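User: Hi! Could you walk me through this one while I have it open?
Analyst: Happy to, here it comes.

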Amino acid sequence: VLAASAALAVSAAIWLGCLHFLYRPAAGEFRAPEAPSLRARGLAAHHLALWTDPDSRSAEIGRMRATCQEWDFMGRTFLVLGLADMALRDPGLESSCLQAIDAIVDETLHIEHERGFTFFLLPYGHDEASFIAKPPRSIFVDGEIALMMGARRLVREKPEYRGPMRERIEFMTSRMSGSPVLCAESYPDECWIFCNTAALAATRMSDILDGTDHSEFFRRWVATARRHLIEPRTGLLFSSFNLAGRPCDGPEGSSIWMAAHCLQLIDAEFARDQYARARQELGRSLLGFGYAREWPVSHVGPADVDSGAVVPVLGASPSASGLALMGAAAFDDGKFYGQLTASLNLAGFPSERGGRLRYCASNQVGDAVILYSTVLGPLWRKAGGPAEAEGARP
Amino acid sequence: VKRPVWLRLLLPERVLSPLGLLTRAGVLVLAFLVLHACGLREYTTLVTGTAPGGGRVTESAVMLAIAYVAGYAGAVAAAPIMALAALLWAAGLLLLGRERPAGPAQS
């Protein structure tokens, strides 16, 4: 028994210590310096196939909507951002990417028009009368639609989107300006930092595209956020709060990585500070594998639709870890990106068929986030983001 | 009761022997390959709270996902550790010259 225990202990130490070398991606496997990597192309091929085959798309979207209606919408946003970056990285892909982007944006606008913005909200947001601000609107939907239009227009101008995008931006900024914390509702009396920072990023894109200037508004927004929206123990932005600025949820991994990324277009220093804090409070590695917690150690919340199934003891969240890929890529954190992609190779259960790649442990929105993390950079740089947005290359 | 030959080869009675560890490592890998061949990889989407076929997440789907992840952990982590331990142990025994690595036990 002693000999067996000793042999097993030594073997475990050797194997577990070396396991990450087997799963660590090769240089350029996920993020290539110029053109999209093979992984990016495989993920994009899977998504484009979904958008050209109505049955497959309907099945995939239905699968997600059964759990979370938001994912249907967010999957569109991240896919559009990913395709826009692919088009900018490889001009040969521009035509097919723009065709897909237009199909996604047009269909999203059609759904919003026919079924209302609440179609993309969780059931507790379906009662429009519960929204405090009138007429009821969700900055979750407005912000991300504007972001999609902005991404499309930054790749190549589309005159049909110019007016609708400007209208949306003007409405959003006016509504945000009317709140004491310069944020608008995503849900009734519930403002999410994810959505409001996405709206800010879209506004910045509009400034670049349309020659408007919201720099003063951005300065006020950051100053207000620093004063009212920071959780004191961690220094991280609250993930949600009411219109008056009273916090609903503390900092969350499923919000902060996206918020920091969007803030790169607004205030690079503030964005980097938020990323560094998120990395310290939420980013973890174990035996060379990276993951992200949904909550800081000092603030534990319940596992919910945003966090996904949280791994006990470690507190690892699939949503937070997926979005951390985007954060690490955006802030040129090659070490963390490498650790996270090692985890993705280990526990994402990739499935590759006919040049199409997807992760079985993920879903459409998760795969879209992964795709975006593999190509992000050129779009943000075009929108006036810092050079570091060119991003991590493990 | 005399165990059939295939069972003695597959699972030697002496678990705590190099060959015992090695064969059990093989069994773990085999078990995972069976789960994989049955298409249970698709059930890992439950990690995100998404049901593989749409609709609500059922208990049976959760059990299948757990079975696949456990099988995967067995094949990726436990089996290599056991195989490596078997090799180290066998090497140790040879070096010490105390005895040869034990084969399948005779019933």
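User: Before we start, when do two strands count as paired?
Analyst: Two strands pair if DSSP finds at least two bridges between them. Keep in mind that this is a predicted model.

User: Okay, what about β4(A) and β5(A), how do they pair?
Analyst: Strand β4 (residues 283-286) of chain A pairs with β5(A) in the antiparallel sense, over four bridges. They make a hairpin with two residues between them, and Leu287(A) in the turn has a positive phi of about 55 degrees. One of the bridge pairs is Gly283(A) with Ala292(A), the latter in β5(A).

User: Which way do the residues of β5(A) point?
Analyst: In strand β5 (residues 289-292) of chain A, Phe289(A) and Tyr291(A) point one way, while Gly290(A) and Ala292(A) point the other way. All of them are buried.

User: Switching to charges. How many salt bridges are there over all chains?
Analyst: The search of the whole structure finds 18.

User: What does Glu94(A) bond to?
Analyst: Glu94(A) forms a salt bridge with Arg156(A), where the closest N and O atoms are 2.6 Å apart. Glu94(A) is in helix α5 (residues 94-115) of chain A and Arg156(A) is in the loop between α6 (139-155) and α7 (159-177) of chain A, so the pair ties together parts that are 62 residues apart in sequence. Arg156(A) is partly exposed, with a relative accessible area of 44%.

User: And which residue meets Arg168(A)?
Analyst: Glu112(A), in a salt bridge of 2.9 Å from N to O. Arg168(A) lies in helix α7 of chain A and Glu112(A) in helix α5 of chain A, so this pair ties together parts 56 residues apart in sequence. Arg168(A) is buried at 10% relative accessible area, and Glu112(A) is buried at 16%. Salt bridges with shared partners join Glu112(A), Arg137(A), Asp142(A) and Arg168(A) into one network.

User: Nice. Where is Asp90(A), by the way?
Analyst: Asp90(A) is in the loop between α4 and α5 of chain A, and counts as buried at 18% relative accessibility. Its side chain has a polar contact of 3.1 Å with that of Arg41(A).

User: Last topic, the interface. How much area do chain A and chain B bury between them?
Analyst: About 2300 Å², with 67% of it on carbon and sulfur atoms. On the chain A side, Trp15(A), Arg63(A) and Phe349(A) lose the most area to chain B, together 26% of what that side buries. In terms of contacts, 30 residues of chain A meet 27 residues of chain B.

User: What polar links cross between the chains?
Analyst: The rule finds one salt bridge across the interface of chain A and chain B. Glu42(B) and Arg358(A) meet in a salt bridge of 2.5 Å, N to O. There are also nine residue pairs in polar contact across the interface of chain A and chain B.

User: Which elements of chain A touch chain B?
Analyst: Those giving two or more residues are α1 (2-23), α3 (54-65) and α13 (334-347) of chain A. α1(A) gives the most, with twelve residues. By type, the residues on the side of chain A that touches chain B are 22 nonpolar, six polar and two charged.

Terms used: Residues numbered from 1 in each chain as written. Chains lettered and ligands numbered in written order. Predicted model: local features only at pLDDT ≥ 70, side-chain atom pairs only at ≥ 80, totals over all residues. Heavy atoms only, no water. Salt bridge = Lys/Arg side-chain N within 4 Å of Asp/Glu carboxyl O. Buried < 20%, exposed > 50% of the residue type's maximum accessible area, 1.4 Å probe, protein only. Polar contact = N/O pair within 3.5 Å; in protein donor to acceptor, adjacent residues only side chain to side chain. Contact = heavy atoms within 4.5 Å. Buried area = accessible area lost by both parts, 1.4 Å probe. Nonpolar A, V, L, I, M, F, W, Y, C, P; charged D, E, K, R; others polar.
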